Amino acid sequence: MSKIKFILNGNAVELDVVPTMRLLDVLRNNLGLTGPKEGCGEGECGACSVLVDHQLVNSCIMPAGNVAGHEVITIEGFNKQSRYKKLADTFARAGAVQCGFCTPGMILAAEALLNEVPHPDEQQIRQAISGNLCRCTGYSMIVKAIKMAAEEGGGLW
Ligand code: FES
Ligand code: FES
């Protein structure tokens with residue numbers, strides 16, 4: 001066990017964990033944040049996506065010790081921000097949410113993209129969500145939702 005300190009959804013946290021534990025398990029089991037989902041468990045599906053220093057990360061393959069001193073944002077923290085509200089709105093209007101399993105990861109992938117590229121083209125959007133699998137929507141509604149958020153987002157990004 002070691003003590004790790006990081007910023008989680010805007011708050012400083014300090015935990016005693018085995019640093020090689022998966023960040024996904026620490027978030028879900030130690031911290032009760034169930035927004036990041038376990039899909040493949042192998043870094044292939046993006047269901048477990050979180051932001052670490054604003055970069056999209058698969059928390060199922062990241063050792064918890066790696067986030068010491070960094071900032072982690074899960075969907076539970078992001079959903080308090082106006083950027084989230086815009087994305088949730090366009091995802092709903094574009095029909096980009098069906099079963100919802102991929103949605104937290106997709107929204108964080110969209111945020112990571114728009115944070116760096118506020119007006120992405122379709123290829124950039126498809127590239128940004130290429131690590132996030134969706135079994136339901138065929139992706140085109142998700143691409144549309146992200147495009148709508150970029151167009152309507154004004155100064156949000
Ligand atoms: S559960 Fe982490 S990438 Fe699939
Ligand atoms: S909405 Fe079902 S997996 Fe994407």
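Tutor: Two strands are said to pair if DSSP finds at least two bridges between them. In this predicted model, S1 and S5 are joined by two bridges and run parallel, with Leu8 standing opposite Val72 of S5. S1 also pairs with S2, here in the antiparallel sense and over seven bridges, and within that pairing Lys3 stands opposite Asp16 of S2. These two strands, S1 and S2, form a hairpin with two residues between them, and Asn9, which lies in the turn, has a positive phi of about 50°.

These pairings belong to an open sheet of five strands, whose order is S2-S1-S5-S3-S4 and whose pairing is mixed. Its edges are strand S2 (11–17) and strand S4 (55–58), each of which pairs on one side only. Across the sheet, neighbouring strands are turned against each other by 40° on average, with direction ignored.

Within H1, the residues Leu23, Leu24, Val26 and Leu27 are buried, and what covers the buried residues of H1 includes S1, S2 and S3. After H1 comes Gly32, whose phi is positive, near 70°.

Leaving aside residues up to four places away in sequence, Glu111 touches Leu51, Phe78, Arg83, Leu87 and Trp157.

From here the account moves to the helix pairs. Two packed helices are described by the angle between their axes and the distance between the axes. For H3 and H4, the axes come within 11 Å and cross at roughly 120°, which means that H3 is oblique to H4. The crossing of H3 and H4 is right-handed. From H3, Arg83, Tyr84, Leu87, Ala88 and Phe91 meet Thr103, Met106, Ile107, Ala110, Glu111, Leu114 and Asn115 of H4, and by class the residues of this contact are eight nonpolar, two polar and two charged.

H4 also meets H6. The axes of helix H4 (residues 103–116) and helix H6 (residues 140–152) come within 11 Å and cross at roughly 45°, so H4 is oblique to H6. This crossing of H4 and H6 is right-handed, and the contact is made by Met106, Ala110, Leu113 and Leu114 on the H4 side and by Ile142, Ile146, Ala149 and Ala150 on the H6 side. The residues of the contact of H4 with H6 are eight nonpolar, no polar and no charged.

The remaining pair is H3 with H6. Helix H3 (residues 82–94) packs with H6 at an angle of about 135°, and their axes are 8 Å apart, so that H3 is oblique to H6. H3 passes H6 in a right-handed crossing, where Lys86, Leu87, Asp89, Thr90, Phe91, Arg93 and Ala94 of H3 make the contact with Met141, Ile142, Lys144, Ala145, Ile146, Met148, Ala149 and Glu152 of H6. Sorted by class, the contact of H3 with H6 has nine nonpolar, one polar and five charged residues.

Methods. Residues are numbered from 1 along each chain as its sequence is written. Chains are lettered from A and ligands numbered from 1 in the order in which they are written. This is a predicted model: local features need pLDDT of at least 70, side-chain atom pairs count only at pLDDT 80 or more; totals for chains, interfaces and linings use all residues. Side-chain values use heavy atoms; hydrogens and water are left out. Axes are lines fitted to C-alpha atoms, for helices over the stretch in contact, and angles run from 0 to 180 degrees between N-to-C directions. Helices (H or I, at least four residues) and strands (E, at least two) are DSSP runs, numbered from the N terminus. Angles under 35 degrees count as roughly parallel, over 145 as roughly antiparallel, 65 to 115 as roughly perpendicular and the rest as oblique. A crossing is left-handed if the near helix is turned anticlockwise from the far one by less than a right angle, and right-handed if clockwise. Contact means heavy atoms within 4.5 Å. Ala, Val, Leu, Ile, Met, Phe, Trp, Tyr, Cys and Pro count as nonpolar, Asp, Glu, Lys and Arg as charged, and the others, Gly among them, as polar. Buried means under 20% relative accessible area, exposed over 50%, partly exposed in between (1.4 Å probe, protein chains only).
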